[in-house]
Amino acid sequence: MLSVPTLWVVFVANFMALGLIWTHFMRSYRNFEAARFWTVAALCAALGAIIGMLRLYLPPLIPLMTSGALLIAGTSFAMMGIERFYGRPASWRLSALIIVTAFAAMAYFVLVQPSTAMRIVIYSIAQSVPVILTLPYTLSRGGRVPTPGAWFAGCVGVLMVTVNAARAVMVLFGIGGEPSMVSFNPVQAALVLVLVFLSMAWNFGFVLMAIDRLRGEVASLALCDDLTGVANRRMLLQRLPQECALAQRSGEPFALLAIDLDGFKAINDGHGHAVGDECLKLFARTVQSQLRPGDLLARTGGDGFC
């Protein structure tokens with residue numbers, strides 16, 4: 001049977017490693033705001049596990065309640081990181097409500113009516129709520145196909161909620177025996193070990209989400225013109241075979257318009273390249289405003305467009 005300290009040591013080591021990874025990521029990509037929340041989430045989880053181990057050396061009241069609150073806070077910060085990842089405001093008030101409510105409920109079942117089973121139930125519910133709130137982002141995204149990283153994080157989130165629910169039900173019905181503050185029964189120990197693994201996997205899902213996002217940005221930069229923001233020659237050459245194939249299948253023709261700006265050299269020579277650049281940007285914005293969905297404007301080089 002695994003003891004609480006053994007599980008906590010595994011938990012601390014794993015989440016300290018994740019905290020270091022996210023700290024490096026946060027410093028390397030300063031505009032990637034979600035990484036800040038995921039860094040705090042990993043460090044909160046590690047600190048919560050460290051404080052949880054102090055129950056062996058201190059009266060268990062403070063370590064138990066502080067550790068539980070920090071671990072729930074870690075899950076809440078992970079939720080807010082996902083919200084920021086998808087451009088949504090972070091749910092600070094909701095997170096604070098979850099943490100404070102869970103802390104108060106656990107305090108009641110530690111101070112007023114001591115019950116290890118009810119404390120585990122409260123903790124499991126409070127840990128599951130933020131995870132459930134992330135599922136619409138990671139699994140559906142308004143009907144759009146999620147990225148592989150988001151899909152992985154969403155599936156792991158579903159498993160975490162399922163295991164938390166199973167743990168709460170089993171402890172309520174006494175399956176496996178009554179857990180104590182120092183050691184779990186074999187069933188609870190196994191479930192906690194599974195939750196530690198799933199928590200790690202959930203965080204690795206965030207890493208995959210970040211990689212998917214950065215890879216998409218790199219791909220977008222490779223296919224966009226730096227100055228005007230429209231497609232570049234590479235994107236045009238990728239699109240043309242697709243349009244040709246579609247025209248062959250449907251029997252419908254498509255139009256290709258080659259555009260050259262007359263007198264553009266005189267603008268550069270007479271007013272400078274900065275003014276010429278602004279002219280190209282204005283032209284691109286004007287044309288883009290007149291295009292239909294599915295139409296493509298590409299800069300092929302200099303003052304040439306298609």
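User: At what angle do helix H3 and helix H7 pack, and how far apart are their axes?

Analyst: In this predicted model, helix H3 (residues 61–85) and helix H7 (residues 186–222) pack at an angle of about 15 degrees, and their axes lie 12 Å apart.

User: Why is H3 called roughly parallel to H7?

Analyst: The angle between H3 and H7 is about 15 degrees. Angles under 35 degrees count as roughly parallel, and therefore H3 is described as roughly parallel to H7. The crossing of H3 and H7 is left-handed.

User: Which residues make the contact, and what is their class?

Analyst: H3 contributes Thr75, Ala78, Ile82 and Phe85, while H7 contributes Trp202, Phe206, Met209, Ala210 and Arg213. By class, these residues comprise seven nonpolar, one polar and one charged.

User: What makes the space of about 460 Å³ a cavity?

Analyst: A cavity is a set of points where a 1.4 Å probe fits but cannot get out. The count comes to one cavity of 30 Å³ or more, and the largest cavity has a volume of about 460 Å³. Of its 29 lining residues, Trp8, Phe11, Leu71, Tyr123 and Gln127 are the closest to its centre.

User: Which helix gives the most to the lining of the largest cavity?

Analyst: That helix is H3, with seven residues. By class, the lining of this cavity has 17 nonpolar, nine polar and three charged residues.

User: What is the volume of the largest pocket, and which residues are closest to its centre?

Analyst: The largest pocket has a volume of about 500 Å³. Among its 18 lining residues, the closest to the centre are Ala255, Leu256, Arg292, Asp295 and Leu296. Helix H8 (residues 233–250) supplies the largest share of the lining, four residues.

Note on methods. Residues are numbered from 1 along each chain as its sequence is written. This is a predicted model: local features need pLDDT of at least 70, side-chain atom pairs count only at pLDDT 80 or more; totals for chains, interfaces and linings use all residues. Side-chain values use heavy atoms; hydrogens and water are left out. On a 1 Å grid over the protein atoms alone, a cavity is a set of points where a 1.4 Å probe fits but cannot get out, and a pocket is an open set with protein on both sides within 12 Å along at least five of seven lines; lining residues have an atom within 4 Å of a point. Grid points are joined across faces, edges and corners, and a volume is the space filled by probe spheres set on the points. Helices (H or I, at least four residues) and strands (E, at least two) are DSSP runs, numbered from the N terminus. Axes are lines fitted to C-alpha atoms, for helices over the stretch in contact, and angles run from 0 to 180 degrees between N-to-C directions. Angles under 35 degrees count as roughly parallel, over 145 as roughly antiparallel, 65 to 115 as roughly perpendicular and the rest as oblique. A crossing is left-handed if the near helix is turned anticlockwise from the far one by less than a right angle, and right-handed if clockwise. Contact means heavy atoms within 4.5 Å. Ala, Val, Leu, Ile, Met, Phe, Trp, Tyr, Cys and Pro count as nonpolar, Asp, Glu, Lys and Arg as charged, and the others, Gly among them, as polar.
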